[in-house]
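The following note concerns the ligand site and the domain arrangement. Please read it alongside the sequence and the model.

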Amino acid sequence: MNHIISIRDLERTDIDCLLDKAALIHANCYDENSLKGKILALLFFEPSTRTRMSFDAAMARLGGTSIGVDSVEASSVAKGETLADTIRVVSGYADAIVLRHPKEGAARLASEFSSVPIINAGDGAGQHPSQTLLDLYTIRQSMPLEGIKVGLLGDLRYGRTAHSLAYALSLYHATLYTLSPKGLELPCAITEELTEGGTAIIEHDDVSTIIRDLDVLYVTRIQRERFPDSASYFRVASSYRITPELLSGVKERLIVLHPLPRLDEIDPRVDLLPHARYFEQSRNGIPVRMAMLQKVIS
Ligand code: CP
């Protein structure tokens, strides 16, 4: 079964192939009826704007149809139905399922009960592989992925996009500079695994000291919804902010990415700089997710 649960399920050649396919789609080289008659189920048990809507739009652009639920309250999960039973039922209605769930490991569990491919659209603080593919695609629009220097800034503990991206970048021998508020560091399990595999991970506590060395600055918001209480969130909220002043003197090719939504971690004045690529990054969700749907469904 063609599940995409973790970015680690994909080899570098699989990723390159998907990104090449996305580039062709982006250049309008695709069959707009390739998924005609196919149905995609979107099961979103956590809020989403980009992931949900771009999978929906991607399916429509390939001639297919989407069905789904947008919250626990709008589904029979609210009546106590288990994820396993929900997946057993929905896999009888659709040709693939895109699942977002607050619990880490939920997509892997779902894949054990599904008769159709599952795409993990974010499982708690776990992984978000489709985001990573569009992140890589966006970087590749500006520079080759091999050997780049990437700053990962923000909530690296709960930020699933950073987890997936760190694994993916290790396949391209990137050097990772991690910058996070105290207590929100990249989990040790990820750091140790990547370091043992030969990836250079350098922890910093001040972005201004390394920003001139970077090719990519990947900013994430603090994941308030994963904190045990408001007080612990407010202890770290607003502790970093990218401004035009901070970006003065950086490499010409530096790009600033963010999976969005952003809160206050990127000054809106940065949007006007050529380094800002986060809205383009979000638009790239369409060709990348079209390529993913073609891979898993057809
Ligand atoms: N980047 C991302 O996953 O955005 P949404 O939560 O809006 O889907």
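**Ligand site and domains**

1. A polar backbone atom of Leu260 lies 3.0 Å from a nitrogen atom of the ligand, a polar contact being a pair of N or O atoms within 3.5 Å. Taken alone, the ligand exposes 260 Å², of which the protein buries 91%; accessible areas come from the Shrake-Rupley method with a 1.4 Å probe.

2. This is a predicted model, in which local features need pLDDT of at least 70, side-chain atom pairs count only at pLDDT 80 or more, and totals for chains, interfaces and linings use all residues. Residues are numbered from 1 along each chain as its sequence is written, and side-chain values use heavy atoms, with hydrogens and water left out.

3. For Thr49, a backbone N or O atom is 2.8 Å from an oxygen atom of the ligand. For Thr51, an N or O atom in the side chain is 2.6 Å from an oxygen atom of the ligand.

4. The ligand is surrounded by Ser48, Thr49, Arg50, Thr51, Arg100, His128, Gln131, Pro259 and Leu260 (a heavy atom within 4 Å). By class, this shell has 5 polar, 2 charged and 2 nonpolar residues.

5. The protein is divided into domain 1 (7-127 + 285-297) and domain 2 (129-282), with bounds from an automatic or database domain assignment. Their contact takes 31 residues from domain 1 and 29 residues from domain 2 (heavy atoms within 4.5 Å). The C-alpha centres of domain 1 and domain 2 are 24 Å apart.

6. Each of domain 1 and domain 2 supplies at least three residues to the shell around the ligand.

Terms used
A polar contact is a pair of N or O atoms within 3.5 Å; within protein, one must be able to donate a hydrogen and the other to accept it, and residues adjacent in sequence count only if both atoms are side-chain atoms. Ala, Val, Leu, Ile, Met, Phe, Trp, Tyr, Cys and Pro count as nonpolar, Asp, Glu, Lys and Arg as charged, and the others, Gly among them, as polar.
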